[in-house]
Amino acid sequence: MGISVEIHGRTLVVTICRSEARNAVNPETAKALYQAFLAFEADASVDVAILTGDGGTFCAGFDLKAAASGDGQDWIAEVEIPDGWDDAFSQPIPGPMGPSRLMLSKPVIAAVEGYAVAGGIELAAWCDMRVAADTSTFGVFCRRWGVPLIDGGTVRLPRLLGQGRANDLILTGRPVAANEAHAMGLVDRVVPEGQALDAALDLAESLSRYPQACMRADHLSARMSGPDLACALTREWQSYETFLQEGQHGASRFAAGKGRSGDFNDI
């Protein structure tokens, strides 16, 4: 299914297991991630979840090879926001990356090694806290392919960073190293390479020691309301039309071999 799920005490660890594609999320993986976090929300035996990736990479975004194919286009049609969706908290629906439209009552921590870019930065921003290795990189790399942020990036990044810093990431698509990401508020903890998951597990265990009803009440109150989040994500989804105009062609160029290994001089 492209993911693994493990329980450590009262912590659920969800790992994206597509290292051959730098943990880019294809439709099957997106569906598995969505179901895993729905199950986490309903499971009274776990208090905190961690989202991470194997093979030294968090997530390189949506799989552009899939996006250039019929499977990807079918999945995007499947996650079209339905008419009448007006509360992200009480009406769970999947997003292109899987869980990105969910508003959970329990906290999720991103454990980031390597790249968290394009849809990967949107998944990291969906999480409630981010622990990152000092060698990790964040960025809106989909800027280079004409693929818009349609999975919460334009909603969550300005609220995490402030509008000005979010503009810097969203408009330029430039790579941002862990220390700068920490300074701008995108990352909460920076740890040595290879230690992001262990540090996230320690953090999750510390959260589980608190009275959970109180913590979750504060956690819910500190965020956008379910209706406000649904409204913002619905507004963002209108940018999907630009994917049809530019992004499909960009995804096809990537699938044909352009821009591999971080080379964007000829895209």
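Because the model is predicted, local features need pLDDT of at least 70 and side-chain atom pairs count only at pLDDT 80 or more, while totals for chains, interfaces and linings use all residues. Residues are numbered from 1 along each chain as its sequence is written, and side-chain values use heavy atoms, with hydrogens and water left out.

The secondary structure of the protein chain comes to 11 helices and 9 strands, where helices (H or I, at least four residues) and strands (E, at least two) are DSSP runs numbered from the N terminus. Of the 267 residues in the protein chain, 52% are buried; buried means under 20% relative accessible area, exposed means over 50%, and partly exposed lies in between, with a 1.4 Å probe and protein chains only. Among contacts in the protein chain with a separation of 6 or more, 72% are between residues 24 or more positions apart, a contact being heavy atoms within 4.5 Å.

Helix 5 (residues 153-161) packs against helix 6 (residues 163-172) at an angle of about 135°, with the two axes 7 Å apart; axes here are lines fitted to C-alpha atoms, for helices over the stretch in contact, and angles run from 0 to 180 degrees between N-to-C directions. That angle makes helix 5 oblique to helix 6, since angles under 35 degrees count as roughly parallel, over 145 as roughly antiparallel, 65 to 115 as roughly perpendicular and the rest as oblique. The crossing of helix 5 and helix 6 is right-handed; a crossing is left-handed if the near helix is turned anticlockwise from the far one by less than a right angle, and right-handed if clockwise. From helix 5, Gly153, Thr154, Leu157, Pro158 and Leu161 meet Gln163, Arg165, Ala166, Leu169 and Ile170 of helix 6. The residues of this contact divide into 6 nonpolar, 3 polar and 1 charged, where Ala, Val, Leu, Ile, Met, Phe, Trp, Tyr, Cys and Pro count as nonpolar, Asp, Glu, Lys and Arg as charged, and the others, Gly among them, as polar.

Helix 5 also meets helix 4 (residues 119-126), and the axes of this pair come within 9 Å and cross at roughly 55°. That makes helix 4 oblique to helix 5, and the crossing of helix 4 and helix 5 is left-handed. Glu122, Ala125 and Trp126 of helix 4 make the contact with Gly153, Arg156, Leu157 and Leu160 of helix 5, and by class the residues are 4 nonpolar, 1 polar and 2 charged. Helix 4 itself is mostly covered, with 8 of its 8 residues buried, and Glu122 and Trp126 are among the buried residues of helix 4.

A further partner of helix 5 is helix 10 (residues 226-237), which packs with helix 5 at an angle of about 120°, the axes lying 8 Å apart. That makes helix 5 oblique to helix 10. Here Gly153, Thr154, Val155 and Arg156 of helix 5 are in contact with Leu229, Ala232, Leu233 and Glu236 of helix 10, and the contact has 4 nonpolar, 2 polar and 2 charged residues.

Two loops hold residues with a positive phi. Most residues other than glycine have a negative phi. In the loop between strand 2 (11-16) and helix 1 (27-42) lies Asn23, whose phi is near 60° and which counts as buried at 0% relative accessibility. Ala118, in the loop between strand 5 (115-117) and helix 4, has a phi near 55° and is buried, with a relative accessible area of 10%.

Val25 also lies in the loop between strand 2 and helix 1 and counts as buried at 0% relative accessibility. The C-alpha atoms of Val25 and Met97 are separated by 6.5 Å, although these residues are 72 residues apart along the chain. Leaving aside neighbours within four places in sequence, Val25 is in contact with residues including Ile16, Leu33, Phe62, Met97 and Leu123.

Thr52 lies in strand 3 (residues 48-53) and counts as buried at 5% relative accessibility. A polar atom of the Thr52 side chain lies 2.8 Å from the backbone oxygen of Ala111. Leaving aside neighbours within four places in sequence, Thr52 is in contact with Val13, Val14, Thr15, Ile16, Phe58, Ala111 and Leu197.

Methods. Polar contact = N/O pair within 3.5 Å; in protein donor to acceptor, adjacent residues only side chain to side chain.
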